[in-house]
Amino acid sequence: MQQALRLAERGRGQTRPNPVVGAVVVKDGAVIARGFHHRAGQPHAEIEALAALGMRAPQATLYVTLEPCCHRGRTGPCTQAILASGISRVVVGCRDENPLVSGRGMAILRKAGMRVDAGCLEDECHRANRTFFCWAKKKRPWVTLKAAATLDGFIGDRQEKARRGPQRWITGEAARSYAHALRAQHDAILVGVGTVLADDPRLTVRLPKAKAFHPLRIVLDSQLRTPPDAAMFSEKSHPPLLVAAKTPRFDRQLLARQAALEAAGAEIWFAPTTPDGRTALPPLMRRLGRREIQSLLLEGGSRVHGAFIAAGLVDSIALFLAPRLVGAGVSIVEGAGLDWRKPATLGPLAVRVLGDDVLLTADVINRGRRRRS
């Protein structure tokens, strides 16, 4: 199963909207075939492994990281091919939480008399596809809050916040390089317009050996204040998606801003609003889900972080900490709807040293108090 997990990772970033899956066929104690899902529309991992054997593997054991599918999508059901191959045993890493499968694949195999053992390296296999499971079950992307901060919890200088221009780096080169790799692993990046006005970011993946995939770039911008000459628009092949909180139908100024941004290459979405005029996040997340966005990297600013936490929409964090103390500035999380007595709590922390900086990662295990949106 460890081999199958490593194989699954080779498809990371290429299989959307499908999960990453690896498969290994074993007979008489020896591996006789391997496979992984390369890309949506191409053969699934089980089929690729069986194809190397002419679709026949009598009395062999199939190890697969995810429950075999039993429905017809872009490809046929894997359960049918497995039953026809002569395989006698299937070892499954974890159940597919997609409602279209959700135990049915294993049930079909067992009903046909095949031995099916489930739960081998279950936690690892489940984690490999947690974004897919979130999207399949909740119809929204998995949200990771990413921030770079000083040790005393500040992500920027308030005096510089209103000035648009190159950002002052908090972390070192190793941490920034890892942050770009993190971007490449997500379907979309989201920031608030305040971050655009203060830092003028490109929000692109800039790595020497980056994969061709670049995430969708999203800006929460209720009044369409994003400048048409923002650095994001220099990347013509990857236009950002700007979300407006109100329809500018009777607002000439907003209509003019909309036209200017669309001329610059932006795609404008109009979203429902909260009573305070901000974008309502749950409807936005569902709309992203319909666009097959399974993973969202939340990059700021502090009020955007706070709004997502208050709405119970943060699933994990990636916090880069630099060995600095500044004493004042913009906090990691700010905004209405937050309650320190009922915080979102995090699961086991993983710590990674990146040059002089530290990366803390963890999942949210208790979302605390939710705010209505």
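How many nonpolar, polar and charged residues does the lining of the largest cavity have? The first legend gives the answer. This is a predicted model, in which local features need pLDDT of at least 70, side-chain atom pairs count only at pLDDT 80 or more, and totals for chains, interfaces and linings use all residues. Residues are numbered from 1 along each chain as its sequence is written, and side-chain values use heavy atoms, with hydrogens and water left out.

**View A. The largest cavity and its lining.** The structure holds 1 cavity of 30 Å³ or more. A cavity is a set of points, on a 1 Å grid over the protein atoms alone, where a 1.4 Å probe fits but cannot get out. The volume of the largest cavity is about 30 Å³. Volume here is the space filled by probe spheres set on the grid points, which are joined across faces, edges and corners. Ile-309, Gly-312, Leu-313, Val-314, Ala-344, Val-364 and Arg-367 form the lining; lining residues have an atom within 4 Å of a point. By class, 5 are nonpolar, 1 is polar and 1 is charged. Nonpolar covers Ala, Val, Leu, Ile, Met, Phe, Trp, Tyr, Cys and Pro; charged covers Asp, Glu, Lys and Arg; the others, Gly among them, are polar.

**View B. The second largest pocket.** A pocket is an open set of points with protein on both sides within 12 Å along at least five of seven lines. Its lining counts 38 residues, with Arg-12, Arg-127, Arg-130, Leu-182 and Gln-185 nearest the centre. They divide into 16 nonpolar, 13 polar and 9 charged. Elements that each supply at least two lining residues include α5 (122-128), α6 (130-138), β6 (142-150) and α8 (173-184). Strand β17 (357-366) is also among them, and β17 gives the most, with 5 residues. Helices (H or I, at least four residues) and strands (E, at least two) are DSSP runs, numbered from the N terminus.

View C. A salt bridge places a side-chain nitrogen of Lys or Arg within 4 Å of a carboxyl oxygen of Asp or Glu. Arg-130 pairs with Asp-363 at 2.5 Å, N to O. Arg-130 counts as buried because its relative accessibility is 18%; buried means under 20%, exposed over 50%, partly exposed in between (1.4 Å probe, protein chains only). Asp-363, at 22%, is partly exposed. Glu-97 and Lys-137 meet at 3.3 Å, N to O.

**View D. A buried pair and a network.** Lys-146 forms a salt bridge with Glu-299, with the closest N and O atoms 3.8 Å apart. Lys-146 lies in strand β6 and Glu-299 in the loop between β12 (295-298) and α12 (302-310), so the pair ties together parts 153 residues apart in sequence. Both residues are buried. Elsewhere, salt bridges link Arg-89, Arg-115 and Asp-117 in a network. The whole structure has 12 salt bridges.
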